[in-house]
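Could you walk me through this complex, chain by chain, before I open it in a viewer?

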Amino acid sequence: MVKHFSRRDFLKTTALAGAGAALSSLPHFRVGAQEPVTIRLMAWGNPTEVEAREATIAMFHEQHPNIRVEFLHTPDDYMVKLQTMLAGGDYPDVIFLGNGDILPFVTRGQLLPLNDLIERDGVDTSDIFPNIYNLYNVDGVQYGFPVDAPNQQLFYNKTMFEEAGVEPPPSDWDDETWTWDAFLEKAIALTDASKNRWGYQVLPGFRPWWIWVTANGGSFFNEDGTACVLNEPPAVEALQFLADLIHVHKVAPPLDVATEMGGATLFQSGITAMETWWPAIGYMRTNIGDKFVWDVAPHPAGAAGKSTSGGGTGHTISAFSQHPEEAWEFLKFVISQPAVERWTDIMGIVPPLQSVAQSEVFLKPDLPPENIQVFTEGSAYLRPDPQHPAFTQASQIAVSELQALWLGGVSAQEVCDRIVDQVNRLL
Amino acid sequence: MTTLPANRSFNQSSGQLKQFLIYAVLITGAVVVAIPFAWTLSTSLKTPQQVFTFPPVWIPDPIAWWNYPEALSSQPFGRWFLNSLVIVLVSTFGTVASCSMVAFAFARLRWPGRDLCFLILLGTMMLPDQVTIIPTFILFRELGWVNTFLPLIVPAFFARNAFYVFLLRQFFMTIPLEMDDAARLDGASHFQVYLHIILPMSKPALAVAALMFAQFKWNEFLGPLIFLNRSELYTVALGLRTFVGQEYGTDWHLMMAANIVFMIPLILIFFFAQKYFIQGVVISGVKG
């Protein structure tokens, strides 16, 4: 088809081009009264988290009347929804991400680097717990800010300790008497299987056993990330120690009971005396109430000293955001002291800012746990999840293979050899 | 029973034994099946501290009936209930209308490639949602339908669920073809045969399809999760998950209270339409 280019067409085209040019130069003239920009924030959360989020968004709206934050709340199956949206070309501006997902998202080029923005606006990040801050950093490039600084610690039922006449675990990180042997001794003294009382609970998730592995000097990948090394002695010893708690010393309930109930439920029910868990302190306070007295302590030191796992969640900006400036304003706001205080107050979690972690907003001296500082001090002992693009899949393999170890009948060495085999095929 | 009196009494007692065994098995089964429900009900009436106690407490003290108003007012459940209702009613109508039309074409009309088409249709039942969800999402995004009910409703009008086509086709096949011929002799068109002959004779099958689809739609999670972003648009099934926390714990007592409330519509439907549900098993299985 031959299309004649008439004078009218020519005029139309020029007019359109002119209008386009005018439109494209418009942002430079936008100064005063402008249309509010809407940015979309993608996050999950139970009602408490939703409350905290809506409260902070309301504060942000007050400070920034020209930016509206639309909160895309995902009740469950967050990754399914997020991946579908991203694959379908629907990009939220601010994405809430667990620190373990940062590297995979960066590898796929889905996150906006923040270094230039931090430098341009002179954002002071020194108050953020340094090793928590670094979880959102890949090869020197910052991609996000943390919203919390959680690390898993040993929750213990003080009432059960008293009843069994056992000295509670030391809360001092420098106490050198708190070793695996000391731990086992206490666990044995606390266990009375006939009354369904147990010293400890071995949880099958990644982070609860990762603490024991790192405390013993074990690693998941070798240094250049080319091979899985979970079958080397430090890791194998640690996993065998945990399996022996169930099968040899019988101080931890068999896995069927433990897993069916889900994390922390046995502890909340007063069945296990010690349990490794996430610092959902507010949730623990509500659910334990005055059933028993509880407190927290560091995990016992292994061959490589004390350790904790965790890391938490943070806010990032989509690389495809249409409004990166506005999204950046929001990110800066969420890490500011007033916003962190509000968030911490509602959530009862470990805040990412050291100043807030030292304040009563977090410490709440009238409420348990008495040794709440274990969480803030523990930040220095954090051994985050292994940073590797294949980590999500690799950890799933490890967690599912380890089921065999927790169920009994195989040695940690056999299971770890199997894990290494499978993970190495991924790499 | 035409046996001797002595035998009869033997038969009677063995019959009683049989009855007893049947009841014993059924009652055991009923108790096992009812335990999760009982636990849900009991949890919905507990305070958070009572939820996980050992040994488990079945009758909470105090009975925390206030969980119900708290759960229902903690989230806009009224709105979500209406959303679910609209989606379920409209899409169920669409599914029954469109699937029965397609099934009619497969069961009552002869056309080239019919059986091949039917096989392909059945093949779509094998595709898991996870495979089709991204292309589907892209399609509806291009249409600008994300964040509306349209992706959850419109496909139902295009016989999107092959299973119901299959179900209705099987039923339509059992109706004698002479019915159609008689109607055609009287000058009925295909559509008139469908509307005036086949549909009225298939009411039980249509009811089964409608009930099964409505139940599926009421509980559907993935579709609403992907296509709805604003909480005003949520369905009940999606909204109930808001009590689930990733790291910070789940409010079991509130979640169970809300679950109980939103179980009621399904229980009512099942209660009144039991007959059809059971017929559904027969229709899709042995009849024909």
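Here is a short tour of the model, from overall confidence to the details of each chain.

This is a predicted model, and the predictor assigns the complex an ipTM of 0.74 and a pTM of 0.78. Chain A and chain B touch through 31 residues of chain A and 29 residues of chain B. Each chain is split into two domains: in chain A they are domain 1 (37-150 + 311-363) and domain 2 (153-309 + 390-426), and in chain B they are domain 1 (5-44) and domain 2 (75-284).

**Where the chains meet**

- On the side of chain A that touches chain B, at least two residues come from each of helix H2 (47-63), strand S2 (67-74), helix H3 (78-87), helix H12 (265-268) and helix H13 (281-288).
- H13(A) is the top contributor to that side, giving four residues.
- Sorted by class, the side of chain A that touches chain B holds eleven nonpolar, 14 polar and six charged residues.

**The domains of chain A**

- The centres of domain 1 and domain 2 of chain A, taken over C-alpha atoms, lie 30 Å apart.
- Seven residues of domain 1 of chain A and eight residues of domain 2 of chain A make up the contact between them.
- No charged residues are found on the side of domain 1 of chain A that touches domain 2 of chain A; that side has five nonpolar and two polar residues.

**The sheet of chain A**

- Chain A has an open sheet of five strands with mixed pairing, and their order is S2-S1-S3-S11-S6.
- S2 and strand S6 (144-146) of chain A are the edge strands, each pairing on one side only.
- On average, and with direction ignored, neighbouring strands of this sheet are turned by 25° against each other.
- Inside the sheet, strand S3 (residues 94-98) and strand S11 (residues 313-317) of chain A run antiparallel and are joined by five bridges.
- A:Leu97 has A:Gly314 of S11(A) standing opposite.
- Helix H14 (residues 324-334) of chain A lies across strand S1 (37-44), S2, S3, S6 and S11 of chain A, and runs at about 160° to S11(A).

**A closer look at A:Gln322**

- If you follow the chain from S11 to H14 of chain A, you pass A:Gln322 in the loop between them.
- Is A:Gln322 buried, exposed or partly exposed? A:Gln322 is partly exposed, because 13 other C-beta atoms lie within 10 Å, and a residue counts as exposed at 12 or fewer and as buried at 20 or more.
- A:Gln322 and A:Leu245 are 77 residues apart along the chain, and 53 Å separate their C-alpha atoms.

**Chain B at a glance**

- Chain B contains 14 helices and zero strands.
- The mean pLDDT of chain B is 86, with 89% of its residues at 70 or more.
- Chain B has 288 residues, of which 30% count as buried.
- Taking contacts in chain B between residues at least 6 apart in sequence, 75% join residues at least 24 apart.
- Domain 1 and domain 2 of chain B have centres 35 Å apart, taken over C-alpha atoms.
- Where these domains touch, four residues of domain 1 of chain B are in contact with six residues of domain 2 of chain B.
- The side of domain 1 of chain B that touches domain 2 of chain B has one nonpolar residue, three polar residues and no charged ones.

How values were computed. Residues numbered from 1 in each chain as written. Chains lettered and ligands numbered in written order. Predicted model: local features only at pLDDT ≥ 70, side-chain atom pairs only at ≥ 80, totals over all residues. Domains from an automatic or database assignment. Contact = placed C-beta atoms within 7 Å. Nonpolar A, V, L, I, M, F, W, Y, C, P; charged D, E, K, R; others polar. Pairing = 2+ DSSP bridges. Axes fitted to C-alpha atoms, helices over the stretch in contact; angles between N-to-C directions. pLDDT = per-residue confidence, 0-100.
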